[in-house]
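Have the sequence and the 3D view open side by side, and let's take a walk through this one together. We'll go from a pocket to the core, and then out to a few individual residues.

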Amino acid sequence: MKYNCVIKEIEDDEEVTIKIENTIITGFVNAGLSIPIDKETEVEIEFYDDIEIEETQIQEKSILSKGTYSYSIFGILDIDNGIISSTLDFSIDREYLYEYGFLDEKYVEVKVNRLDFYFE
């Protein structure tokens with residue numbers, strides 16, 4: 001998904017912290033970054049590598065950091081649109097979602113090893 005964000009911190013040209021509305025997340029940038037801190041820009045956010053999806057009893061939308069890049073994303077799984085609707089919406093490959101059809105429109109936790117950022 002694409003969002004307007006503000007660059008909050010850049011560490012070693014690969015680790016970037018951004019703010020989207022009231023959400024602050026840290027992700028990985030493969031190609032370095034020439035955008036200055038506190039500058040608004042557009043970012044596309046993708047999940048890196050495999051993810052885990054499981055039903056949860058937590059009935060809220062939130063993003064919880066589990067380390068530098070890894071996150072637990074809590075929200076509603078929308079199979080038809082291929083997204084997890086949380087405080088931010090994240091795209092999930094529809095082919096990957098076929099085995100999770102039974103979780104459609106339910107609250108889930110998506111465990112992500114890393115978020116990748118792609119800046120315009």
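The largest pocket holds about 180 Å³ of space. A pocket here is found on a 1 Å grid over the protein atoms alone: it is an open set of points where a 1.4 Å probe fits, with protein on both sides within 12 Å along at least five of seven lines, and its lining residues have an atom within 4 Å of a point. The volume is the space filled by probe spheres set on the points, which are joined across faces, edges and corners. Keep in mind that this is a predicted model, so local features need pLDDT of at least 70 and side-chain atom pairs count only at pLDDT 80 or more, while totals for chains, interfaces and linings use all residues. Residues are numbered from 1 along each chain as its sequence is written, and side-chain values use heavy atoms, leaving out hydrogens and water.

Who lines the pocket? Among them are Met 1, Ile 45, Phe 47, Asp 49, Ser 91 and Tyr 96. Strand S4 gives the most to the lining, with six residues; strands are DSSP runs (E, at least two residues), numbered from the N terminus. By class, the lining has six nonpolar, one polar and four charged residues. Asp, Glu, Lys and Arg count as charged, Ala, Val, Leu, Ile, Met, Phe, Trp, Tyr, Cys and Pro as nonpolar, and the others, Gly among them, as polar.

Now for the core. In soluble globular proteins, nonpolar side chains tend to be buried together. Here the largest nonpolar core has 32 residues, and those with the most contacts inside it include Ile 45, Phe 47, Val 110 and Phe 119. Such a core is a set of buried Ala, Val, Leu, Ile, Met, Phe, Trp, Tyr and Cys residues joined through side-chain atoms within 4.5 Å, and buried means under 20% relative accessible area, with exposed over 50% and partly exposed in between (1.4 Å probe, protein chains only). Strands S1 (2–11), S2 (15–20), S4 (40–55), S6 (71–78) and S9 (107–119) each give two or more residues to this core, and S9 gives the most, with six. Take Val 110: leaving out residues up to four places away in sequence, its contacts (heavy atoms within 4.5 Å) include Phe 47, Ile 53, Ile 73 and Ile 92.

Next, strand S3 (residues 23–28), where you'll find Thr 26. Thr 26 counts as buried because its relative accessibility is 13%. Its side chain makes a polar contact with the side chain of Thr 17, at 2.8 Å. That term means a pair of N or O atoms within 3.5 Å; within protein, one must be able to donate a hydrogen and the other to accept it, and residues adjacent in sequence count only if both atoms are side-chain atoms.

Finally, the loops. Most residues other than glycine have a negative phi. Asp 13, however, has a positive phi of about 60 degrees; it sits in the loop between S1 and S2 and is partly exposed at 48%. Glu 21, in the loop between S2 and S3, also has a positive phi, near 55 degrees, and at 67% it counts as exposed.

Methods:
Helices (H or I, at least four residues) and strands (E, at least two) are DSSP runs, numbered from the N terminus.
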